[in-house]
Protein chains: 2
Amino acid sequence: MLIPELALRIFTQNIFTAMGCSQAHAVLAADVLLKSDLRGIDSHGVARLSGYVRLWEKQRINTNPDIKIVHETATTATVDGDAGLGLVVAPFAMQIAIEKAEKYGSGWVSVRNSNHFGIAGYHALMAVEKDMIGFAMTNASPLVAPTFSNERLLGTNPMCYAFPAGKYPPVIVDMATSAAANGKLEIAQRSGKQVPEGWIQDKQGNYITDPHALKAGGALLPLGSDREHGSHKGFGLSATVDILSGVLSGANYGPWVPPFVAFLEPPVNPPGKGLGHFVGAMRVDGFRPADEFKADMDNWISRFKSATTIDPAQKVIIPGEPELEAETDRIKNGIPLVDAVANDLNELAVKFKIEPLSFGF
Amino acid sequence: MLIPELALRIFTQNIFTAMGCSQAHAVLAADVLLKSDLRGIDSHGVARLSGYVRLWEKQRINTNPDIKIVHETATTATVDGDAGLGLVVAPFAMQIAIEKAEKYGSGWVSVRNSNHFGIAGYHALMAVEKDMIGFAMTNASPLVAPTFSNERLLGTNPMCYAFPAGKYPPVIVDMATSAAANGKLEIAQRSGKQVPEGWIQDKQGNYITDPHALKAGGALLPLGSDREHGSHKGFGLSATVDILSGVLSGANYGPWVPPFVAFLEPPVNPPGKGLGHFVGAMRVDGFRPADEFKADMDNWISRFKSATTIDPAQKVIIPGEPELEAETDRIKNGIPLVDAVANDLNELAVKFKIEPLSFGF
């Protein structure tokens, strides 16, 4: 089922408006979700819209937030998101980082009291559009066990690094720090398929391949899967995201990060406020002329694209390339929605008494 | 064979002095190598001293470099290391990052025309001592194949993030972005042991377990080992290090990074100068009062240290903890040297006509 981008965008804006968002916030929040759907990251787009609604119904998302800087220097700041949508709070923070970078070369903003911010790549790309290198990361609901542990203490804590290039599209490294993103697990759950060993463990710490078994006290594994293959590195990266996003801002961290699913209550006596993000921007021409940098980026990309491959039918994939291919295709041909998501969205339409989804072009 | 730290330090300083380093540079370079040996990272300490000497003999290391800033803004800079020892160039760059952070909240320095900089943790810790968060990364000789490729196009490209804490020691995430560090492979080569599947591949791209087989055109694998377990993420992290260190500074990158081993000639017509580093510092109190941050860091560490474990005899290891344990032990009891390294060092003593190693306490 394919839906034109514009139709899905307007529908999504209408839902956010119905939730009480200002027009500007509704447009921005919809833009973040649509970017994810366009880029083929279906798990982080409109599929999550009903999740945001449920959190709002539980008064865990404030659709009229007073987002503000609570601490700053010339190139650093902490933003309090006032329990707003991360989809709105994170772009606010990135805008500050970009403005600081324009003045001083770089800007870094840690964010507390926020919610799920969509795909990290959206925020990092805001910097790339200004010929800057963009950084974005967030902590998230605890689903991942540190190496040797059977407790869920970390989120899939994604990090994104985005670099402008010249004739080629930007290089965008946007990745969960777990062996597999939770979205991939959800796909396996829906399709009833087993997952590879090394993605998840059961409550006792044994590898399992049944994706549903995660719910019985199991955990996702850090990138690297086991100690021998470097899971302590995945743990270290996830810890880095958690500290920069949560500890540095005064948000929650580790097991205290509030869950995205509304049926789970947030931990009592949390050490911080909401969940946290960390975003940053550095001007390329703070280091060397932008045209020189871009020429070398093109050379880098060209060399890696033309690398010999094990299977001649394969290519080395430049980070960000598959997402751009999806975006090009979906802008033209529409965004595929699985039935479950389309039904979910139409239930929201009924709830908020707005126009249902329109699939015509 | 245990050697007191001070004896090894003086010996190492004397070698650097004999190579033509100034007293200040010799002391600093020895400090970086000794820190590695003290912290138990034997692959990056004095075991590499003869390697630096061979590069110097080939005139690929300049022991009297004119290290300088070639481009800067308030919070960013590019440093040209003038082909100096990375052991000296990287601390110079980090000092600039720290000074910028003192003034503006953060400082970021990309470095070109440098050489191997020892352990990333040394440089990041310079920031931690000033109540700052420290970042350090470097590109390195190509040994790692991107996902799907059988070409060595990336180094083990380590990244380090270091965070001050309160009553606990700092959290230091210092990791190669490959599944296994090259040092671990060298240990397996020396001991004649097989390595786990997922560390290396042969020229055809098949997993191999014989560590010597790497030399026959094989490659190390990125963190994640294979596509299914996220090797594209390890590739993305390694690419990030390569771009920030090499492309951003005007150093070499990818397959053009000059080899550490002197018997391999650097690539002809390289796109940049030497190899590159990227270092940075952010003041903790640029985001929130340092005492509040440290109290939450202690809470973070305490929670992860007390996590339940799969094997009750195991503990969750806080990043940086094993290295600190080694340092405490080795400061007291001396640094163990394997025969091969001790012999290597004594050959240097003969070459430079300096006092041989002294093992007495």
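How many Å separate the centres of domain 1 of chain A and domain 2 of chain A? Here are a few notes on this predicted model, starting with that point.

1. Taken over C-alpha atoms, the centres of domain 1 and domain 2 of chain A are 22 Å apart. Both domains are built from two stretches of chain A: 1–64 + 320–361 for domain 1, and 66–179 + 221–305 for domain 2. Where they meet, domain 1 of chain A contributes 20 residues and domain 2 of chain A contributes 19.

2. On the side of domain 1 of chain A that touches domain 2 of chain A, look for α2 (23–38), α3 (49–57) and α9 (321–333), each supplying at least two residues.

3. Now to the pairing of chains: 70 residues of chain B contact 69 residues of chain A. Several elements of chain B supply at least two residues each to this side, including β4 (106–114), β11 (275–283) and α8 (290–305). The top contributor on chain B is α7(B), with 8 residues. The side of chain B that touches chain A has 34 nonpolar, 29 polar and 7 charged residues.

4. Finally, the largest nonpolar core has 236 residues, and among the members touching the most others are Ala93(A), Ala124(A) and Cys160(A), along with Ala93(B), Ala124(B) and Cys160(B).

Definitions and conventions. Residues are numbered from 1 along each chain as its sequence is written. Chains are lettered from A and ligands numbered from 1 in the order in which they are written. This is a predicted model: local features need pLDDT of at least 70, side-chain atom pairs count only at pLDDT 80 or more; totals for chains, interfaces and linings use all residues. Domain bounds come from an automatic or database domain assignment. Two residues are in contact if their C-beta atoms, placed from the backbone, lie within 7 Å. Helices (H or I, at least four residues) and strands (E, at least two) are DSSP runs, numbered from the N terminus. A nonpolar core is a set of buried Ala, Val, Leu, Ile, Met, Phe, Trp, Tyr and Cys residues joined through C-beta atoms within 7 Å. A residue is buried if 20 or more other C-beta atoms lie within 10 Å of its own, exposed if 12 or fewer, and partly exposed in between; C-beta atoms are placed from the backbone. Ala, Val, Leu, Ile, Met, Phe, Trp, Tyr, Cys and Pro count as nonpolar, Asp, Glu, Lys and Arg as charged, and the others, Gly among them, as polar.
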